[in-house]
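Dear colleague,

I am passing on the structure we spoke about, and it is shown just below. After it I set out what was found, beginning with a single residue and widening from there.

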Amino acid sequence: MAKPERSALSSFIAASKAPDAAPNVDAHQHALAAQVLHNLQHQHDWTSLQLHTLSPIDSRRPLPKPIVSGLPPHRIYVHPDEQIEMLKQDVLEKDMPVEREWVLPTHLREKWSLRKFADVFDGLTEVPKLALEDGGGNQADATGLKQTKSRRGGKRLLLATVGDDSTVVYYIVHDGIVKPRQN
C-alpha cells in the first residue's frame with residue numbers, strides 16, 4: 001500500500017525551520033507557530049507574515065515563545081475612543097486603516113498565568129516592527145501601508161489557541177485594562 005501524501009499544512013511545517021538565532025525554541029513550539037502562521041495566511045488572508053523569536057526591544061533577548069506578526073485583511077480591533085470619533089464623523093469600520101498585529105501561538109492544553117502573559121508583553125513593542133521605515137517615524141511594509149509606532153490602548157496581541165483537532169481560535173488580549181466598547 002502506498003504511503004499517503006502529506007497535507008499542505010504538514011508539508012509547510014516540515015519545510016519551515018526554526019531560525020538559527022533561536023536556540024531557545026523547541027521543535028514543538030516552532031511547529032505550533034508555523035501552524036498558526038499557515039492558518040492566518042491560508043484561512044484568514046493575512047499578509048506580510050513574520051515569525052519572531054527575538055525581542056524587537058532587545059535583539060539579544062529571546063522571546064518566551066515564537067510570536068507571529070502580520071497584516072490582517074481588515075481592522076481587528078477599534079479602541080473605544082476611536083469608535084466614538086468614527087460615529088461622530090460617519091466613518092465606517094471597513095474604511096479604517098489596517099494595523100499590523102502580534103499573534104501568540106498557544107495550545108489549548110497550555111496553562112497561562114498573568115506572569116507568563118507579562119513576560120510576553122515585556123518583550124514586545126506596541127506595534128510590530130515592519131521591514132521598512134519611511135524616515136518620518138512611520139513604518140511601511142511591502143504593501144505600502146504606513147503605521148505609527150504607537151496606538152490607542154497600548155500593547156495587545158491575538159492569542160491563537162490551537163486545539164487537538166487543529167482548530168485555531170483567536171482572542172484579543174491587552175496588556176492592562178482597556179475601557180469597554182460602546183454598543
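Leaving aside its neighbours within four places in sequence, leucine 40 is in contact (heavy atoms within 4.5 Å) with Asp45, Trp46, Leu49, Val68, Val103 and Tyr170. Please keep in mind that this is a predicted model, in which local features need pLDDT of at least 70 and side-chain atom pairs count only at pLDDT 80 or more, while totals for chains, interfaces and linings use all residues. Residues are numbered from 1 along each chain as its sequence is written, and side-chain values use heavy atoms, with hydrogens and water left out.

Leucine 40 belongs to helix α2, which covers residues 27-43; helices (H or I, at least four residues) and strands (E, at least two) are DSSP runs, numbered from the N terminus. With a relative accessible area of 1%, leucine 40 is buried, where buried means under 20% relative accessible area, exposed over 50%, and partly exposed in between, with a 1.4 Å probe and protein chains only. Between the C-alpha atoms of leucine 40 and valine 68, which are 28 residues apart along the chain, the separation is 9.6 Å.

As for the strands, an open sheet of five has the order β1-β2-β3-β7-β8, with mixed pairing; two strands pair if DSSP finds at least two bridges between them. Its edge strands are β1 (47-54) and β8 (168-174), each of which pairs on one side only. Strand β1 pairs with β2 (residues 62-71) in the antiparallel sense over five bridges, and threonine 47 has leucine 71 in β2 as its bridge partner.

Two helices lie across strands of this kind. Helix α2 lies across β1, β2, β3 (101-107), β7 (156-162) and β8, and runs at about 10° to β2, whereas helix α4 (residues 114-122) lies across β2, β3, β7 and β8, and runs at about 125° to β7. For these angles, axes are lines fitted to C-alpha atoms, for helices over the stretch in contact, and the angles run from 0 to 180 degrees between N-to-C directions.

Taken as a whole, the protein chain has four helices and eight strands, and from the N terminus on its elements run α-α-β-β-α-β-α-β-β-β-β-β. Buried residues make up 40% of the 183 residues in the protein chain. Among contacts in the protein chain between residues at least 6 apart in sequence, 63% join residues at least 24 apart.

With kind regards
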